Amino acid sequence: MEQYSFLFDLDATITKVEILPTIAQVIGKQDEMRELTERTMKGEVPFAESFMKRVEILGVIPVSRVSEIVRDIPVHEELCAWIREHKDRCYVVTGNLDIWIGALMERLGIEKDHVFCSHAEVENDKIAGLTEICDKGKVLEDFPHPFVAVGDGDNDAGMVGAADIGIGFGAVRDVAYSVLNNADYAIYTENKLCRLLKEIASKTCAEGQAEAACCDKAEGFGAPGSKTIVISCAGMGTRLGIGTTKALIDVDGKPLIIRQLELLKDFEDVRIVVGYQAERVISLVNEYRRDVLYVFNHNYKGTGTGASFKLGCRYAGELVVALDGDLLVHPDDLRAVLTSDKELVGGCTPSTDNPVLIHAEEDSEGRKMIVYFSRESGEYEWTGLAQIRRDRLPEGTGHVYQLLEPLIPLEMIEIRTKEIDTMADYEHAVNWIRNGYHD
Ligand SMILES: [Mg+2]
């Protein structure tokens, strides 16, 4: 298997504070600098123009002093430890200046030839002129694939988009919209980022290299007995006619997605597949819980929930749970699935129009075993809830039940749910919750 390289933005990705505003504190210009940095990271000011302006402001400070300040800047320690451990295949890609960040790169153990950055000439400890401004998109035009790119600001959008696996990392500040638009994942805590990197690295060890020698697999997501919850929230929910993705709708005082997350609070690896209105889903969920792994299905219009589920299952645990963002499940029934270590499919009494039906037959142990899914006949309705061994899932971009068809016979358990497709469904769901999950 081919080995991935890992490319990291420096400012607010590796560092825990923004570098240029920190330097600007020395001359009392941090507010001016922060504002300019903020506007640049959002893409309101072109990077090169803004960078020249910022260098001009900071140019009055001796280069040796700036270098010291930058060397001692707080960094994400767990991430930096991981980078050091994998330094042969890690690179830093930054618009910042070689003469300013050199000492920091040394402190982090990153070799010069693994740093892409801007360059300047120095005379008498002051900047004499910029000789090259690093254009991250250009630098990476010839960079060998496959690679993973991690960044947060508008000038990272190109490298995140060009990467085989692009990650928006928002531990320090919100990830730029242009990055989210190009990313495969968005992550907001350092620990979650490190776990995903470990999992990717462990899946892509060099040919012939033992996995254990290459990375510590136990700290990724795929440890024995591990479980990943994948909530599909990518779709538009057009039938409801309210103009928002269904996960955001308020059900008796709380957004539907928050109701689901409350039931999942004991689970560490929760992923939400986002597409339509991704930014709104992310900012709402981040207020409740920051350690969710967001997975993008940018092609949500052309694919079904099965495609979203498969994307969520990459680099996941041994058991994966599929849950639709528009499904309310009785808490006791959801718990019954989540605390089980068996493969299970949730069925309910048919209640929606145009349901996918399940025909199940009891086996000798009294378990309901699924014989087929069908649009025509069956005693139960498919709910979208299933728990499956990840390594058994086939490829596919249709619906989740179509991914499950080749795995039949599968055990079905009856669960109580409310799916919200129409306004009438919505009203039923609200009443159901108000009545303590009774009709
Ligand atoms: Mg940055």
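The entries below go through what I looked up, one topic at a time.

**Ground rules**

I am working with a predicted model, where local features need pLDDT of at least 70, side-chain atom pairs count only at pLDDT 80 or more, and totals for chains, interfaces and linings use all residues. I number residues from 1 along each chain as its sequence is written, and side-chain values use heavy atoms, with hydrogens and water left out.

**Entry: the magnesium ion**

I began with the metal. Which protein donors does the magnesium ion have? I found Asp-9 (OD), Asp-11 (O) and Asp-152 (OD), lying 2.1 to 2.2 Å from the ion. Donors here are N, O and S atoms within 2.8 Å of the metal (3.2 Å for Na, K and Ca), and because water is not among the atoms, sites may look incomplete. I wrote the sequence spacing of the donor residues as D-x1-D-x140-D.

I then looked up burial, where buried means under 20% relative accessible area, exposed over 50%, and partly exposed in between (1.4 Å probe, protein chains only). Asp-9 counts as buried at 4% relative accessibility, and Asp-11 is buried as well, with a relative accessible area of 14%.

**Entry: helix α13 and Asn-286**

Next I went to Asn-286, which is found in helix α13 (residues 278–288). For the element names, helices (H or I, at least four residues) and strands (E, at least two) are DSSP runs, numbered from the N terminus. Is Asn-286 buried or exposed? Asn-286 is buried, with a relative accessible area of 11%. I left aside its neighbours within four places in sequence and found Asn-286 in contact with Tyr-188 and Tyr-294; contact means heavy atoms within 4.5 Å.

I listed the buried residues of α13 as Ala-278, Val-281, Ile-282, Val-285 and Asn-286. Seen down the axis of α13, these buried residues fall within an arc of 125°, so they line one face of the helix. The arc is that of the directions from the helix axis to the C-beta atoms. What do the buried residues of α13 pack against? I noted α9 (177–180), β7 (185–187), α12 (256–263), β11 (270–274) and β12 (293–296).

**Entry: Val-63**

I found Val-63 in helix α4 (residues 63–71), and at 7% relative accessibility Val-63 counts as buried. Neighbours within four places in sequence aside, Val-63 is in contact with Ile-99, Trp-100, Val-122, Asp-125, Lys-126 and Ile-127. I also checked how far Val-63 is from Thr-303, 240 residues apart along the chain: their C-alpha atoms are separated by 53 Å.

**Entry: the largest pocket**

I put the volume of the largest pocket at about 960 Å³. Of the 37 residues that line the largest pocket, the closest to its centre are Lys-246, Thr-305, Asp-326, Glu-419 and Asp-421. On a 1 Å grid over the protein atoms alone, a pocket is an open set of points where a 1.4 Å probe fits, with protein on both sides within 12 Å along at least five of seven lines, and lining residues have an atom within 4 Å of a point. Grid points are joined across faces, edges and corners, and a volume is the space filled by probe spheres set on the points.

Most residues other than glycine have a negative phi, and most peptide bonds are trans. I therefore kept an eye out for exceptions.

- The peptide bond from His-145 to Pro-146 is cis, with omega near 0°, and Pro-146 lies in the loop between α7 (136–139) and β5 (147–151).
- The peptide bond from Ile-408 to Pro-409 is cis too, with omega near 10°.
- Asp-252 has a positive phi, near 50°, and counts as partly exposed at 30% relative accessibility.
- Gln-277 has a positive phi, near 55°, sits in the loop between β11 and α13, and is buried, with a relative accessible area of 18%.
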